[in-house]
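Okay, everyone, thanks for coming. Let's get the structure up on the screen and walk through it together.

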Amino acid sequence: MIEIEWRRSEQPMQPGGLLARKEYRADCLRALLQLEPTRQTTLMGVAAASCIVILGQEQDLPWIPGVIYLGRAPSSPHLWWPTYLQPMTPPDLLQQAVRRHAGSGDFAIDPENKTLIPLREALPLDPHTIQDILKRHAT
C-alpha cells in the first residue's frame, strides 16, 4: 500500500478525464448518452466497483456536477488524479512507485477513497457500451 499525501494545486491541471464515484455514476452515464455519437466515440471508459473513469480530450468531456475531473502531470504521464490536487511526492517518483506496486499501464487515483484504478482495460465508448454499463452499474 502506497500512502500518498496531497495538497491543493496552485494551478489546476488541464482535464483529460473524469472520475464518477458510485453516487454520480448514473448521472455520468446519462450525460454520456446525451452526447453526439461522434463525441462519444472520442472517449474511452472503464467501470470499476467503486467508480467509472472516462478519458478524452477536455472539449469532448461532458460537464457533470459532482464528478471529479482528472489530469496528469507532464512528469508522470501514466497517472491521473484530480486536477485541483498535487501530490506531496514528486510526480515522477510517485509514478515509479505505483508502477512498481501495481504494474504497467495508466492508473487513476482517487485520493479521498485511497483507490488506485487500473485504466489498461478502458474501452472506446459508443451508445451500446454506455447503455450496457448503465444497466450493470447504475444502481
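So, where is tryptophan 80 found? Tryptophan 80 sits in strand β6; strands here are DSSP runs of E with at least two residues, helices are runs of H or I with at least four, and both are numbered from the N terminus.

Quick housekeeping. This is a predicted model, so to speak of local features we need pLDDT of at least 70, and side-chain atom pairs count only at pLDDT 80 or more, while totals for chains, interfaces and linings use all residues. Residues are numbered from 1 along each chain as its sequence is written, and side-chain values use heavy atoms, with hydrogens and water left out.

Back to tryptophan 80. Is it buried or exposed? It's buried, because its relative accessible area is 6%, and buried means under 20%, exposed over 50%, partly exposed in between, with a 1.4 Å probe and protein chains only. Leaving aside neighbours within four places in sequence, tryptophan 80 contacts, among others, Gly16, Leu55, Leu70, Phe107 and Leu119; contact means heavy atoms within 4.5 Å.

Now the cores. A nonpolar core is a set of buried Ala, Val, Leu, Ile, Met, Phe, Trp, Tyr and Cys residues joined through side-chain atoms within 4.5 Å. The largest one has 19 residues, and Cys28 is one of those touching the most other members, along with Leu18, Leu29, Leu32, Leu43, Ile54 and Ile64. Which elements give two or more residues to this core? Those are β2 (17-21), α1 (25-34), β4 (51-55) and α4 (127-137), with α1 supplying the largest share, five residues. A second, separate core has 12 residues, and Trp80 is in there, as are Cys51, Leu70 and Ala108.

On to the rings. Phe, Tyr and Trp rings (six-membered ring for Trp) pair if their centres lie within 6.5 Å; planes under 30 degrees apart are stacked, over 60 edge-to-face, the rest tilted. That gives two aromatic pairs. Tryptophan 63 and tyrosine 69 are stacked, because their ring centres are 5.4 Å apart and their planes at 5 degrees.

Last stop, serine 76, in the loop between β5 (68-71) and β6 (79-82). Serine 76 is buried, with a relative accessible area of 0%.
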